[in-house]
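Colleague: Please go through this model with me, one region at a time. I will ask as we go.

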Amino acid sequence: MQKRPTERQASIVELVRADGFKTIEQLAERFQVTPQTIRRDVNALCDEGLLRRRHGGVEPALEHENIAYRARKVLHVNEKRKIAALVARAIPDGASLFFSIGTTPELVASALLQHRGLRIFTNNLNVAYVAATNDSFDVTLIGGRLRNRDRDVLGPEVEAFFNSYKVDYGIFGVGGIDADGSLLDFDEQEVRARSAILTNSRQTYLVADHTKFGRNAVVRGGSVTQVTAFFTDCAPPAAIAQMIEKNGVALHIPEPNAEFPTFFVPEED
């Protein structure tokens, strides 16, 4: 699939992930379209690696690697926007920030565009592109080999880059959060970059929506108990909530029916 999934396709992915399996007929009825239309959607989503065909329908794909960035951008976007708005309220003008890779950090950058005088350091090309639309921001982007699929830079240069500064806030996401509170990702280099952000930020903000709880990413690095604050869209599982409280981590969750201002998200060409 060369384009991002449509809103309907993103909703199909979320439904299948929530229920574990959906038939073509169930999806056609749910979206009030023909089975042929759903099959086209499903074929595109399976080709992208978001879903996997099973007799009579589809199930979630096995995640040996993370979903392509363009596809992740439309999954659970409303939840991610709420998280981003909460983070923006906690960041003052004039602050210095690290931004990691990921779609939620990118939305945090968008939510911060009404701020003034931020100094941003990142290995995330998407964050740099967004932040550069505010003329008052000072944006430093690490050079190196670009991962085309994710539009970010990883490797030893990134660790050295983050180790060269001490900033006010480190903003980062994760591939998954294990039941024991471990932070998980799909690549060892992602974990090492996150570790450098944790070490060199005065305050560390983990940003992750509810789908990251129990998600089976394979590389372990760090714990939810190590961050200053955790921003998410709903209450964590009880065991993780207890760890967070015991270790003094601030938990930020949107109030039910809370209204958030919309914010500008630059569109890709």
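Colleague: How are H2 and H3 placed relative to each other, parallel or perpendicular?

Modeller: H2 and H3 are roughly perpendicular to each other; angles under 35 degrees count as roughly parallel, over 145 as roughly antiparallel, 65 to 115 as roughly perpendicular and the rest as oblique. Helix H2 covers residues 24-31 and helix H3 covers residues 35-48; they pack at about 110 degrees, with axes 9 Å apart. Axes are lines fitted to C-alpha atoms, for helices over the stretch in contact, and angles run from 0 to 180 degrees between N-to-C directions. Helices (H or I, at least four residues) and strands (E, at least two) are DSSP runs numbered from the N terminus.

Colleague: Before we continue, what kind of model is this?

Modeller: It is a predicted model, in which local features need pLDDT of at least 70 and side-chain atom pairs count only at pLDDT 80 or more, while totals for chains, interfaces and linings use all residues. Residues are numbered from 1 along each chain as its sequence is written, and side-chain values use heavy atoms, leaving out hydrogens and water.

Colleague: Which residues of H2 and H3 meet?

Modeller: From H2, Ile24, Glu25, Leu27, Ala28 and Phe31 meet Pro35, Ile38, Arg39 and Val42 of H3; contact means heavy atoms within 4.5 Å. This contact has 7 nonpolar, no polar and 2 charged residues. Ala, Val, Leu, Ile, Met, Phe, Trp, Tyr, Cys and Pro count as nonpolar, Asp, Glu, Lys and Arg as charged, and the others, Gly among them, as polar.

Colleague: What lies in the loop between H2 and H3?

Modeller: Gln32 is placed there. Gln32 has a positive phi of about 55 degrees although it is not a glycine. Most residues other than glycine have a negative phi. Gln32 is exposed, with a relative accessible area of 67%; buried means under 20% relative accessible area, exposed over 50% and partly exposed in between (1.4 Å probe, protein chains only).

Colleague: How many helices and strands are in the protein chain?

Modeller: The protein chain has 10 helices and 15 strands. Of its 269 residues, 51% are buried.

Colleague: Then to the sheets. What is the order of the open sheet of 7 strands?

Modeller: The order is E6-E5-E4-E9-E12-E14-E15, with parallel pairing; two strands pair if DSSP finds at least two bridges between them. Strands E6 (138-141) and E15 (250-252) are the edge strands, each pairing on one side only. From one strand to the next, the twist averages 20 degrees. Within this sheet, E4 (residues 96-99) and E5 (residues 119-122) run parallel and are joined by 4 bridges, and Phe99 has Thr122 in E5 as its bridge partner.

Colleague: Which strands does H8 touch on that sheet?

Modeller: H8 touches E4, E5 and E6, and its direction makes about 155 degrees with that of E5. Helix H8 (residues 156-163) also packs with helix H9 (residues 188-199), at about 5 degrees and with axes 8 Å apart. That makes H8 roughly parallel to H9. In this contact, Val158, Glu159, Phe162 and Asn163 of H8 meet Arg192, Ala193, Ala196 and Ile197 of H9, a set that divides into 5 nonpolar, 1 polar and 2 charged residues.

Colleague: Changing topic: is Ser182 buried or exposed?

Modeller: Ser182 is buried, with a relative accessible area of 8%. Its place is in strand E11 (residues 182-185). Its side chain and that of Asp180 are joined by a polar contact of 2.8 Å. A polar contact is a pair of N or O atoms within 3.5 Å; within protein, one must be able to donate a hydrogen and the other to accept it, and residues adjacent in sequence count only if both atoms are side-chain atoms.

Colleague: Which way do the residues of E11 point?

Modeller: Ser182 and Leu184 point one way and Leu183 and Asp185 the other, and all are buried. In a regular strand the side chains alternate between the two faces of the sheet.
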